[in-house]
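Hello,

Here is the structure I promised to pass on. My notes follow it.

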Amino acid sequence: MNKIAITIGAALCAAGSFGADLDLNGEWEFRFEEGKALEEVLKPDFAATRDAVRSDWGKELARVADRTPFVQSQVVQLLQCFARPTEGDFVLPRQGGLQRWVWPWDQSYASAALTMLGYGEYVEMACDFYFGEYAQPDGRIGPFGMGWVNDTANVLGIFSHHCAESGNAAFWRKHREAAERAFRWIKAERAKSANLPGQIAGLFPAGVASDNPKVFQSWGTTDLLNLQGLENYACAAKRFGDPAADEAAAEAADYRATIARILDRWRRAEEDRDTF
């Protein structure tokens, strides 16, 4: 007979439920045991912990020159996106305050704001995580979550925007080779669509573009975000005199022109109609 013991403590009681994958063949015996409360295991000093958290937040908010409630609240919301695991020397740049998937698209806007507010070290820790944990030998960065095909460009854009805005040449040099590989991966993937039946040449090949698991070409979700990442990269490469600067600028310009032609064709086709 198969046996399983479940210890009931404060953590399980707080969750209200638990799950387990079981082999339904044969018989099972369940034994429930009373365990120690979570408070007994961790024995936290609540008052000391509370005071330390308040002190840390006070120091972070004191760095902001603008004392208006809106800006102060913005900083609090943005910094909640970051978490440091108890194991591993890296930071998780999350999409929000929840411990969920790491989504570069969501994080790109938070990172841009933090750079401009003077919290660039958080963005750099995020980039170290992206390049250190997810950079592939062929240049792709990811996959994250559902493997959106704009992931690589989002990471490239986060890194490039931060470097260009902050002027941090040392950090640019730290990841420039990985960034250039990402740029060349995007360029090579984009070129493939010219030889794929039924796909629009110049756009990124069909792929998963969002939480919708269907595979298709998505100029709105994939290509516009790819373009944003490439233009940020071209801007940073130019600022730091990178050898790939001219090539990146040309690729971004061609990408933008391709999207513009598509939109203009649709506009002309619908110009005599009341709706677009």
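Helix 3 (46–62), strand 3 (82–83) and helix 6 (120–134) each give at least two residues to the lining of the largest pocket. Helix 3 supplies the largest share, four residues. Helices (H or I, at least four residues) and strands (E, at least two) are DSSP runs, numbered from the N terminus. The lining includes V53, W57, F82, R84 and Y122. By class it holds eight nonpolar, no polar and three charged residues.

The volume of this pocket is about 260 Å³. A pocket here is an open set of points on a 1 Å grid where a 1.4 Å probe fits, with protein on both sides within 12 Å along at least five of seven lines; lining residues have an atom within 4 Å of a point.

This is a predicted model: local features need pLDDT of at least 70, side-chain atom pairs need 80 or more, and totals for chains, interfaces and linings use all residues. Residues are numbered from 1 along each chain, and side-chain values use heavy atoms, without hydrogens or water.

Now confidence. Mean pLDDT (the predictor's confidence in each residue, from 0 to 100) is 85 for the protein chain, and 82% of its residues reach 70 or more. Helix 8 (residues 169–192) is highest, at a mean of 98, and helix 1 (residues 10–15) is lowest, at 44. Where pLDDT is low, the coordinates should not be read in detail.

Last, helix 7 (residues 151–166). G167 follows helix 7, with a positive phi near 70°.

Best wishes

Methods. Grid points are joined across faces, edges and corners, and a volume is the space filled by probe spheres set on the points. Ala, Val, Leu, Ile, Met, Phe, Trp, Tyr, Cys and Pro count as nonpolar, Asp, Glu, Lys and Arg as charged, and the others, Gly among them, as polar.
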